[in-house]
Structure formats: structure tokens, C-alpha cells
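Trainee: I have this one open for the first time. Can we go through it together?
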Amino acid sequence: MRHERINLFAEGEYFYPHAFGFQPNIRTYFHDDAQVRPCILIVPGGGYTHCAEGEGEIAAKTFYDFGWHSAVLTYTVNLLYMEPLKTQPLREIVRAMKLLRANAEQYHIDEGKIAVLGFSAGAHLAGSLAEFYETIHDPRYPDIRPTPDRLILCYPVITAGEYGHAHSFDALLGTEAGQEERDAFSLETHVPKDLCPVFLWQSAEDASVPVENSYLMAMALRKQGIPFEHHVFAHGRHGISVSTPAWEACAYGDPYTLEQVYAVLAQVKNGTLVPADPQYAQEQIHKFDTRFDPAFRDPLRVYDPEAAAWVGLCRAWLERSWK
């Protein structure tokens, strides 16, 4: 396996006030032979406050084992709701896609078979790439297409309306952002007629992001005549990732997606950064420090074989649609 970290920006190209040394990057899980293969870019969720480690390496290796290349995007997040992200994550995913296409020959990637798979808020970022990419100018790769060939949305944050996940939009746009600005980032109202085919799924009992988000997106896709496949499972909590026994045991692999989170919390601990909400910051310190405990288990993380079927369904959909 060709497994490496690739920073997305050169020195001087990237600035975010709460980066504290973090650099947006992709981690590759590429086959090290010369066979040309499809590639899946994985975009973890986390409400735009963190990149969930349970939706990073464990997901990338799942698709790698299918014989495809995969990569994980670790993008800028707003852990403490103090520095709105605006279009920063969008600039990063645009750069990640352009980088993959620019180096497709070197990495043995089939340029016509690059999918983007996003979880939760990562699905919102993936959808934003497909819908709003033209708002981003990338001087390094001005002539390379950033749009995905297939889009996979897993328990997605879609709308800023009635069924919206307010915390995701608070972290992205700021708690003071008005409804007009939030609506401008609602994916269901901006689906273009040339959007690539979409696979989306969610569980009906999702208690974090209402299942209506995926229905709204499905209806918008249908209205625009976009090919899509939509699955709603009866059971399965939000954030179930690939829902394997390893996931249930929190054996996610390398938690590199939390790099910026730990950098921010280190600044809080040493007194350099004064959080706007000290109690919330302490809750985050406890939450993420627990991740270092080898015995850590989340009692709400229960393997669900029904919802886990999404992986096989998605694989079959990709193989059919890519023939």
C-alpha cells in the first residue's frame, strides 16, 4: 500500500486563526502496482467541529479492500465555534480533487472514476464541492476539473431549513449568520442539472440529523433528473460509518483526523487560547482526551447488520454505474 500524507497547500497558501500548526491534508491508501483503478475520496463528518476518526481510516481501508484507491481528507474545522469557516473547507476539498486529477497518471487513478464519499457534515462538504465548486478559484490548478464523477452521501447534512442540523451551520458560518446566508449553503435548493449520479442513505431513527435531509436531497435530485439511489434503513444511529465489529470496538485505525482538534485543545490547556465558552471547551477536552484510553468504548456504538448493508449496496451501485 502507498500510504502517505500530502499537505494540500504550500507555505503561505493557507491561513486559519485556529490552525495552530495544522495543515489540511489527504492521507492516501493507494495500491502500489501499476493497475489503473477508481479512487474514492473519503470526507469524515463531525459537524464541522472535528473530522471524526471513526469515519477516516476504517472507511478508506474498506474501499481499498474492494480493489480501489482511497484517500481521506482532513479539512479545517471550528471546534470551539469561535472562527467561522465560511468557504475554507470548500477550498480544501476543491484542492484535494484537483490534486488527485493532476497526479492521476502517477497514482494510477482512472480520471473518469473518482468518487467523493462524505459522512454527515462531510457529506455536506462533498455536496458543496459538487454544487458550489465554481465559486472557488484555485491558482495552482486553474484548468483541472474538481467535480466528482460519483457522489456518495452518508446520513448527510443537507438543509439549513426546518430539518437542518443547526450546529453544523453554526460552525461553518458562525452563530450570528442569518437565515439567508445559511440557505445559500442548503444543498437541496442548488442542485444543478449536470450533477453526477448520487448514492445516498440514512436511517429513519437518526437522532442527530433528521432523516428528512436525505429525502429532501432525493426529491431535489429527482426534480433535476439526476440519476440516484436512495436507501433508508429502519435502524442505525447517526455516525455508524461502515458499521463493522471493529467500528463497534472503536478500532478505527490511526486517529490522524483529530490533529487540529488536539492542537486547539492544547492551546486551551496551556492558557494561550481563551475559549468563548469555557464550560464547552472543558467538555471537549474530556471528550477527546478519553480517546487515548485503550479501554474506551462508546456504549451507543452498536454494530447493526441492516444498516451495514449500505457498504455492499454502494459497492454494487458504483460497479454498475462505472461499467
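Trainee: Which residue in S6 is the bridge partner of Val 116?

Mentor: Leu 151 is the partner of Val 116. Strands here are DSSP runs of E with at least two residues, helices are runs of H or I with at least four, and both are numbered from the N terminus. Before going on, note that this is a predicted model: local features need pLDDT of at least 70, side-chain atom pairs count only at pLDDT 80 or more, and totals for chains, interfaces and linings use all residues. Residues are numbered from 1 along each chain as its sequence is written, and side-chain values use heavy atoms, with hydrogens and water left out.

Trainee: How many bridges join S5 to S6, and do they run parallel or antiparallel?

Mentor: Five bridges, and the two strands run parallel. Two strands pair if DSSP finds at least two bridges between them.

Trainee: What is the strand order in the sheet?

Mentor: The order is S1-S2-S4-S3-S5-S6-S7-S8, in an open sheet of eight strands with mixed pairing. S1 and S8 are the edge strands, each pairing on one side only. On average, neighbouring strands are turned by 20° against each other, direction ignored; axes are lines fitted to C-alpha atoms, for helices over the stretch in contact, and angles between N-to-C directions run from 0 to 180 degrees.

Trainee: Which strands does helix H7 touch?

Mentor: Helix H7, residues 212-224, packs on the sheet and touches S6, S7 and S8. Its direction makes about 160° with that of S8. Helix H11, residues 305-321, also packs on the sheet, touching S3, S5, S6, S7 and S8, and its direction makes about 175° with that of S6. Contact means heavy atoms within 4.5 Å.

Trainee: What does S2 pair with?

Mentor: S1 (residues 5-7) pairs with S2 in the antiparallel sense over three bridges, and Ile 6 stands opposite Ile 26. S4 (residues 69-74) is joined to S2 by five bridges, also antiparallel. There, Tyr 29 has Ser 70 as its bridge partner.

Trainee: How many salt bridges does the structure hold?

Mentor: It holds 14. In one of them, Glu 13 and Arg 140 have their closest N and O atoms 2.9 Å apart. Glu 13 is in the loop between S1 and S2 and Arg 140 in the loop between H4 and S6, 127 residues apart. Glu 13, Arg 95, Asp 138 and Arg 140 are linked in a network of salt bridges.

Trainee: Is Arg 37 buried or exposed?

Mentor: Arg 37 is buried, at 8% relative accessible area. Its side chain meets that of Asp 33 in a salt bridge, 2.5 Å from N to O, and Asp 33 is partly exposed at 33%.

Trainee: New topic. Which residues have the most contacts inside the largest nonpolar core?

Mentor: Ile 26, Leu 41, Leu 73, Ile 93, Val 116 and Leu 153, in a core of 62 residues. A nonpolar core is a set of buried Ala, Val, Leu, Ile, Met, Phe, Trp, Tyr and Cys residues joined through side-chain atoms within 4.5 Å. A second, separate core has 32 residues, including Phe 63 and Trp 247.

Trainee: And what is phi for Ser 241?

Mentor: Phi is near 50°, a positive value in a residue other than glycine. Ser 241 sits in the loop between S8 and H8 and is buried, with a relative accessible area of 0%.

Notes. Buried < 20%, exposed > 50% of the residue type's maximum accessible area, 1.4 Å probe, protein only. Salt bridge = Lys/Arg side-chain N within 4 Å of Asp/Glu carboxyl O.
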